[in-house]
Amino acid sequence: MTGRVELTACLGIVLVAVCGLACAQPQVIGAPPEASNMKLVGTNDLQARSAYQPTIHHQGDRWIAYIGHHGGTDDIPDPLNPITGKAEPNGTSIVDVTDPAHPGYLRHIPGQEGKYEGGGAQMVRICDGKSLPKGDPDAVYMLRTFGSEAHEIWNVADPANPVLVTRLGGLKDTHKSFWECDTGIAFLVSGAPDWRTRRMTQVYDLSDPAHPEKIRDFGLPGQEPGATGAVPTELHGPISTGPQGNRVYFGYGTDKGGLLQIVDRDKLIHGPKQPTPDNLRYPEISRLAMSAFNGAHTTFPMPQMPIAEFAHDKDGNTRDIVMIVDEAIVNECGEPRQMVWFADVTVENRPMMISSYTVAEASGSFCERGGRFGSHSANESMAKVFYKKMAFIAFFNAGVRALDIRDPYHPHEVGYFIPSITASTDKRCVTVEGKDRCKVAIQTNNVETDERGYIYIVDRANTGLHILELTGAARAVAGLP
Amino acid sequence: MHSRLTAFVLAIGLLTGVAGSEHARSDIAVWREIAWPFPRDAWPAGRAFQCTAAACGEEVEIYVRPKIGFCNCEGGVADDDEVDRVADLDMISQNFVPLAPGNVVRVADMSGRSRAYDLEMTDGSHHAAIGIALSHRCDLLVAVAQAKAAAPALQHMALKFLASHEMTDWIMSALGGH
């Protein structure tokens with residue numbers, strides 16, 4: 001460490017110690033992370049690739065993290081993969097997190113050439129072959145996007161040596177898909193070339209990943225081929241409750257004009273398939289239109305939540321809740337605040353927003369720190385360790401936020417963790433009077449949890465993977481020892 | 001806004017005239033800034049201008065606004081479908097039909113696409129419109145011009161207006177500077 005770096009590090013530590021979160025100081029290399037009731041367990045730099053969706057899978061006696069990446073940056077379009085010695089376009093990182101204190105990077109599968117959202121392989125879902133109705137029982141399947149042009153399925157039974165199984169190409173965009181591991185039904189966020197939107201749904205039967213069978217295209221009336229007039233906002237991603245719950249919750253919009261669409265899964269799969277306006281309306285149960293100011297990035301269902309406050313009520317003491325997470329997309333608060341919303345959908349044809357959550361901007365002067373400030377995504381694991389008790393929200397420069405959601409009418413923060421920046425952390429710029437003004441700040445992009453209770457956060461600005469655990473009061477909320 | 005409204009009369013020197021319209025061939029088209037006529041939506045209000053029938057052949061209105069963070073940073077305005085989605089035609093009418101494939105256009109240092117539409121208004125009448133979407137890094141500049149009757153010179157008129165010194169100054173400022 002050079003003297004200058006040491007001095008910078010010391011200065012950073014002093015600044016953090018003196019100011020806490022109340023000062024608008026930029027993050028500096030060497031400063032400690034900012035945390036409350038969350039503790040760092042381990043890290044991996046993910047080869048300094050901009051990271052999007054992590055999925056953690058219990059695979060035999062190992063725990064493997066599969067992490068999707070955005071494309072490269074202007075400065076480094078194709079980062080070096082030290083394992084191969086080659087520059088590779090960002091794709092999928094596969095990391096052994098069995099020992100979360102010492103994650104081991106196993107393999108990088110290159111993605112589509114291209115920078116930022118124009119390349120990479122953002123999304124990833126995992127299903128065991130033995131759980132799929134027609135899968136190879138010895139296989140573990142990874143569904144991922146290949147940039148904007150394809151969906152791919154790989155066999156990652158040996159996570160260090162993945163094998164491509166299937167490719168569904170010819171698309172104009174992709175995004176955050178959902179795959180039911182017990183049925184094989186997949187709701188793929190795609191851009192079918194003839195549809196009027198970049199992102200809609202292609203429903204596939206992937207119960208035999210080697211032989212995908214398309215079921216239908218789906219979207220909002222007005223998006224279908226041949227339609228005219230106004231085009232409804234594009235899909236961001238669905239989450240299905242499977243045949244038992246028989247609902248698919250679709251989130252449309254990213255940071256504007258959000259829409260929660262509640263769909264009858266059975267009617268969607270078995271109903272008339274031609275993309276006519278009537279057929280597209282047929283499986284829809286209801287919609288919850290959000291303000292034009294906010295989008296729906298993640299629509300996370302939590303059916304049958306017992307509400308302590310309503311415990312003695314003769315009716316309505318459990319509620320079906322959907323947590324809706326907006327995505328901030330503009331740096332330095334250049335748009336309305338993107339945050340977290342809770343909707344009570346118990347009466348499905350009258351869904352109602354009941355509460356919201358945001359990080360207090362003044363608690364860290366986050367609008368001045370650089371990069372995006374606002375929510376992006378939530379953990380999507382339904383493992384019982386956290387499900388219906390806690391939610392973890394990626395909040396860009398405010399790190400990850402741990403929420404107590406046991407009473408979804410009154411969610412509240414019980415912990416947070418903002419990682420330290422590193423030499424790999426990329427700058428984020430805004431244009432001021434015609435010139436770029438850039439700052440370096442953490443951009444916690446996505447978060448996932450595992451059945452052991454570890455929390456995995458990844459950074460959009462190339463800072464890598466941080467594995468966390470709860471401490472103190474937050475640990476008690478989850479009921480962890 | 002009101003002081004700007006009353007004070008602002010933007011004279012665009014269309015010295016070369018506008019092909020295809022006898023009236024629009026006049027040397028000077030006078031655009032008067034009017035109040036933004038639409039309710040608040042996902043983006044802040046833009047600016048609206050009107051050109052009289054005497055100056056433009058038909059009464060023409062044009063609505064212009066930036067959409068920050070609404071464009072593919074790498075690819076820009078990808079295709080005609082994107083113009084359909086973003087060009088604010090739905091503010092005027094939910095029912096619009098493209099008349100033909102669009103075309104690539106450039107204004108200042110921005111490139112994008114323009115497309116002609118028929119708008120069906122709520123009273124059953126039909127308006128002609130031009131939707132324009134231009135990209136600037138990760139941001140968009142959208143404009144829609146409408147006239148009550150067919151206006152073959154509408155695209156030329158709208159692009160000329162946007163390319164005027166006064167408008168490009170404002171556009172670039174609204175998009176964060178030159």
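Predicted model: local features only at pLDDT ≥ 70, side-chain atom pairs only at ≥ 80, totals over all residues.
Which residue takes a positive phi in the hairpin of E6(B) and E7(B)?

Residues are numbered from 1 along each chain as its sequence is written, and chains are lettered from A and ligands numbered from 1 in the order in which they are written.

Figure 1. Chain A holds five helices and 34 strands; helices (H or I, at least four residues) and strands (E, at least two) are DSSP runs, numbered from the N terminus. With a radius of gyration of 22 Å, close to the 23 Å that the globule rule gives for 481 residues, chain A is as compact as a globular protein of that length. That radius is taken over C-alpha atoms, and the globule rule is 2.2 Å times the number of residues to the power 0.38. The C-alpha trace of chain A spans about 70 × 60 × 55 Å along its principal axes. Of its 481 residues, 54% count as buried; a residue is buried if 20 or more other C-beta atoms lie within 10 Å of its own, exposed if 12 or fewer, and partly exposed in between, with C-beta atoms placed from the backbone. Chain B has six helices and nine strands, and buried residues make up 46% of its 178 residues.

**Figure 2. The interface between chain A and chain B.** In this view, 22 residues of chain A are in contact with 19 residues of chain B; two residues are in contact if their C-beta atoms, placed from the backbone, lie within 7 Å. The side of chain A that touches chain B comprises eight nonpolar, eight polar and six charged residues. In this classification Ala, Val, Leu, Ile, Met, Phe, Trp, Tyr, Cys and Pro count as nonpolar, Asp, Glu, Lys and Arg as charged, and the others, Gly among them, as polar.

**Figure 3. Two open sheets of chain A.** One open sheet has four strands in the order E22-E23-E24-E25, with antiparallel pairing; two strands pair if DSSP finds at least two bridges between them. Its edge strands, each pairing on one side only, are E22 (298-306) and E25 (352-357) of chain A. From one strand to the next the twist averages 25°, where axes are lines fitted to C-alpha atoms, for helices over the stretch in contact, and angles run from 0 to 180 degrees between N-to-C directions. E22(A) is joined by seven bridges to the antiparallel strand E23 (residues 318-325) of chain A, and A:Thr299 stands opposite A:Ile324 in E23(A). Two bridges connect E14(A) with strand E15 (residues 185-190) of chain A, and A:Phe178 has A:Phe187 as its bridge partner in E15(A).

**Figure 4. Nonpolar cores and the surroundings of A:Tyr456.** The largest nonpolar core has 114 residues, and those with the most contacts inside it are A:Met323, A:Ile393, A:Val400 and A:Tyr456. Such a core is a set of buried Ala, Val, Leu, Ile, Met, Phe, Trp, Tyr and Cys residues joined through C-beta atoms within 7 Å. Strand E27 (residues 390-396) of chain A supplies the largest share of this core, seven residues. Beyond its neighbours within four places in sequence, A:Tyr456 is in contact with A:Pro54, A:Ile56, A:Ala65, A:Val447, A:Glu448, A:Leu465 and A:Ile467.

Figure 5. Strands E6 (residues 103-107) and E7 (residues 110-120) of chain B pair in the antiparallel sense over five bridges. B:Val105 stands opposite B:Gly112 in E7(B). Two residues lie between the strands of this hairpin, where B:Ala108 takes the positive phi, near 50°. B:Ser114 also has its place in strand E7 of chain B, and it is buried, with 25 other C-beta atoms within 10 Å. Leaving aside neighbours within four places in sequence, the contacts of B:Ser114 include B:Val105, B:Ile130 and B:Gln155.

**Figure 6. Helix H5 of chain B.** Helix H5 (residues 154-162) of chain B is mostly covered, as seven of its nine residues are buried. Among the buried residues of H5(B) are B:Gln155, B:Lys160 and B:Phe161.
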